[in-house]
Amino acid sequence: MKIRTMGYMIKQSLISIWRNRGMSIASITSVMASLTILGVIITIVLNVNNISEMAKMQFDTIQVFLVDELDNEQINKLGQDIGEINGVRFIDYETKKEALERMKEQWGDKAYLLEVLEENTLPNSYIIHLENIEIADNVVQSLNDMEGIEEIKYHKEILETMMGIANFVRTVGLVLIVILILITMFIIANTIKITLNSRRQEINIMKYVGATNWFIRWPFLMEGIILGLMGSIISLGIVYFGYEYTFNLINSQFNMVMNVRVISVNEMMNRTLPIFIVLGTGVGALGSILSLRKYLRV
Amino acid sequence: MIQFRNVSKVYNKGIQALTNINLTIEKGEFIFLVGPSGAGKSTFIKLLLKEEEPTQGSIIVDDVDITKLPRRKVPHLRRNISVVFQDFRLLPNKTVYENVAFAMEVIEAPSKEIRRQVPMILGMVGLSDKAKQYPNELSGGERQRVSIARSIVNNPSILIADEPTGNLDPETAWEIMKVLRQINRRGTTLVMATHAKDIVDTMQQRVVALEKGRIVRDEHRGAYGYED
């Protein structure tokens, strides 16, 4: 295609967009709304995925808190027994002192709150590293039979809940997105139909003087693409600022408690930008093709 | 050269529009296509423009059987066979110059050529001084001349005129005929469907008469032959 031709086509598309301002705005808004909702879903899904991945790494352990009264020999014996259970990779021993240190580290600049404790009430514990998280139940069963254990703490349920939420959000999100994208496509198709009608005469003449089919189609296709692109750019802006705001909020409030990092704004944008651009232009192009196939017999 | 070989056209609803048409039109000829409404003139033109496909037979234009031409090549056929309509079909928001230039722009002619060709053609149809005016500022005859200018600006070898004088008063009609005659003298084959008896009778060109989808008469230096 010649550059002059491309210029001509873009100009035609922009003129149509301006002439049908109402429908154009409706189309752009529709793309924007769909993609913004998609953006919200993507940010949630990616974060939940991220959290559960990190959790998997952190939580493939079982922590066994020991009864305070055990002497060293009993502790060693228990350690040996635990080490022999099927599925245990290795175990770490954490003294009550170490436990307090770790807690202070986690709490960061709020660690001074722990200073008020007169006595370290944290128990000694074994941290059992598992070969995989799925066998946690079996290991726990074996542990239940042993003496000298005060409490068994493991995270299978948290993990399962988290995976459940992730799957739920993914599924609902996907269905929602498909519906929204279909609606958007039809709105764009309708906009293009109006343009087609308002330029029927011109198209007719173009056909009679021998314009090629693609020469006739391109401006309409471009109109759809431009509408889609505008919608996706606006929604990218909304998602960017919305996420930045939420990100800062979460980081200042929850980071130290949950010990989980939220995906950074830049990384999130790197991931969503290509999706948005592709989807925006794709929906726009498909919408116009839908209309062209139905109403433009060249 | 145009050649219809045993061409028949039956529409979907079973209407027999053309029956076994055999006709050869030589390059540079001027022919009138006459006959009552519904005789098949419109179908004849549509077949030639490949807007419709014949049910039977073949149509050869410049050694190419256009019934076998794939759809994507139709635009190129239409650059060679141009058409002028009774209702002008000008774009109201474009000037005379722009309307004519439009035909060149949409086939991606170089702008240098457009700037050279359009004024020349406007001069040929006698509209040089109206170039900047809009269609609604022109008389019917002037509008039809713009339409003719647009149809020949890409140098087609065949020009089809579908009742080009149908909307015009007799005097203006003759102006249009002069322009068409001039185009034909430059070597463009001209096929004109018409009901204008006095024009056909005066021009003394080849006349092909259609009736109920058949050619009933084909004479050189013919007359209209109907009483209207």
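**View 1. Surroundings of Met104(B).** Apart from neighbours within four places in sequence, Met104(B) contacts Ala109(B), Ile114(B), Gln117(B), Val153(B) and Asn154(B) (contact: C-beta atoms, placed from the backbone, within 7 Å). The structure is a predicted model, in which local features need pLDDT of at least 70 and side-chain atom pairs count only at pLDDT 80 or more, while totals for chains, interfaces and linings use all residues. Residues are numbered from 1 along each chain as its sequence is written, and chains are lettered from A and ligands numbered from 1 in the order in which they are written. Met104(B) belongs to helix 3 of chain B (helices are DSSP runs of H or I with at least four residues, strands are runs of E with at least two, both numbered from the N terminus). Met104(B) is buried, because 21 other C-beta atoms lie within 10 Å (buried: 20 or more other C-beta atoms within 10 Å of the residue's own; exposed: 12 or fewer; partly exposed: in between; C-beta atoms placed from the backbone). Gly35(B) is 69 residues from Met104(B) in sequence and 34 Å away in space, C-alpha to C-alpha.

**View 2. The open sheet of chain B.** Four strands of chain B make up an open antiparallel sheet in the order 2-1-4-5 (strands pair if DSSP finds at least two bridges between them). Strand 2 (16–25) and strand 5 (64–65) are the edges and have a single partner strand each, so one side of each has no neighbour in the sheet. Strand 1 (residues 2–10) runs antiparallel to strand 4 (residues 56–61), and five bridges join them.

**View 3. Strands 6 and 7 of chain B.** Strand 6 pairs with strand 7 (residues 158–162) in the parallel sense over four bridges. Ser82(B) has Leu159(B) of strand 7 as its bridge partner. In a regular strand the side chains alternate between the two faces of the sheet. Strand 6 (residues 81–84) is covered on both faces: Ile81(B) and Val83(B) are buried on one side, Ser82(B) and Val84(B) on the other.

**View 4. Where chain B touches chain A.** The contact involves 15 residues of chain B and 16 residues of chain A. On the chain B side, helix 2 (74–80) and helix 3 (96–105) are the elements that give two or more residues. Helix 2 of chain B supplies the largest share of that side, four residues.

**View 5. Helix 11 of chain A.** This helix (residues 265–295) has 31 residues and spans 44 Å from its first C-alpha to its last, close to the expected 45 Å (1.5 Å times one less than the number of residues). A kink of about 30° occurs at Thr272(A), shortly before the proline Pro274(A) (the bend is the angle between axes fitted to the seven residues ending at a residue and the seven starting there). Buried residues of helix 11 include Met268(A), Thr272(A), Phe276(A), Leu279(A) and Val283(A).

**View 6. The two domains of chain A.** Domain 1 takes in 3–56 + 159–295, and domain 2 covers 61–131 (bounds from an automatic or database domain assignment). Their centres, taken over C-alpha atoms, are 51 Å apart. The C-alpha trace of chain A spans about 100 × 40 × 30 Å along its principal axes.

Technical notes. Two residues are in contact if their C-beta atoms, placed from the backbone, lie within 7 Å.
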